[in-house]
Amino acid sequence: MDRKIYGFRKFVRDWMLVISMMTGCGVYLIYHSITSPALHSAGPALESVCRIIQPLCLFAMLFLSFCKIEPKQIKLEKWHGWLLLIQGGIFAAIVLSIRFAAGNDGNFAEWVISNRTVVEAFMLCIICPTATASAVVTGKLGGDMAGVITYTILINLLVSILVPLLIPMIYPASGLTFTGAFIKILAKVFPLLIMPCITAWAVRYLLPKLHRRLVSHEDTAFHIWAFSLSLAILMSTRAIVRSDCGVRVIAGIALASAASCVFQFAFGKKTGARYGSGITAGQALGQKNTVFGIWMGYTFMDPVVSIAGGMYSLWHNVFNTWQLRRHEERKRVQ
């Protein structure tokens, strides 16, 4: 019996991310298929609960990650600059291309205009900042948690500047100034990025016993992430099901998000490998805060584009599952 229990636990641990994604998708599809008016009338309340729980999970994950890192470990690396350049540069280039295409003729301009939703989906996946959970996965893979957290802070600051600065070029918004958009993004970033850092380091120096207990539970952040992932996939499935865009557009968005995922993981790993940080840089560039990306799509762009965040969540978590399984198999061999 003990062997069976151990085998079951091992199976759940190895496939935790896939199980979480299937759970999130399955729960929403079951909910959607139920015709009970009483249940569907509770939809707005259930959505509100999900939107409250999800940020709390993200806060808890990053708080536990910061607990494992000393302030002196947060430092700039050369690969940080290259990754910031590629994310910011590609985002700016796509925005300028869309702006150019809107007022010009020619094959390139026609292609951009006719495929604008797909192009913007790729752009959203590129500029979407690093996931707060990336530190958890990076640590599991043997990477540098401090390095990926430092990049998470840097890319969020860059996004806070570039998005309100450039998006109005293709989505003019009356009454929304650069300052207003900057504050709007910062209000999203600060509670989920800066506050966990401040809280974790306060606990480290003011409550050392509590800090030791928190650090001793290594897999807690991973389990919280698995639960949070279920909620993220649930909300992404909801966005896709409720979308009124055609199959062709959704397929295009899926391909664009997959292409951006492959590109960013590959570029991050290759760039980081030059400085001995292949795993860390790969996760920093490839693993995205898709919840924040979906919010950016809804807030600053065509809401249909936000589906790309949900699609990307699927791709990067499938890749993470494969990476984690391969890493565990290598550890067993050793």
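Colleague: How many residues does helix 9 have, and what span does helix 9 reach from its first C-alpha to its last?
Modeller: In this predicted model, local features need pLDDT of at least 70 and side-chain atom pairs count only at pLDDT 80 or more, while totals for chains, interfaces and linings use all residues. Residues are numbered from 1 along each chain as its sequence is written, and side-chain values use heavy atoms, with hydrogens and water left out. Helices are DSSP runs of H or I with at least four residues, numbered from the N terminus, and the expected span is 1.5 Å times one less than the number of residues. For helix 9 (residues 145–166) the expected value is 32 Å, and the helix comes close to it, with 22 residues and a reach of 31 Å.

Colleague: How many of the 22 residues of helix 9 are buried?
Modeller: Buried means under 20% relative accessible area, exposed over 50%, and partly exposed in between, with a 1.4 Å probe and protein chains only. Helix 9 is largely enclosed by the rest of the structure, because the number of its residues that are buried is 16.

Colleague: Is V118 buried or partly exposed?
Modeller: V118 lies in helix 7 (residues 116–127). Because its relative accessibility is 25%, V118 counts as partly exposed.

Colleague: Which cysteine holds the sulfur closest to that of C128?
Modeller: C128 is buried, at a relative accessible area of 4%. A disulfide is a pair of cysteine sulfur atoms within 2.5 Å, and the structure holds 0 of them. The closest cysteine sulfur to that of C128 is 7.2 Å away, too far for a bond, and belongs to C125.

Terms used
Helices (H or I, at least four residues) and strands (E, at least two) are DSSP runs, numbered from the N terminus.
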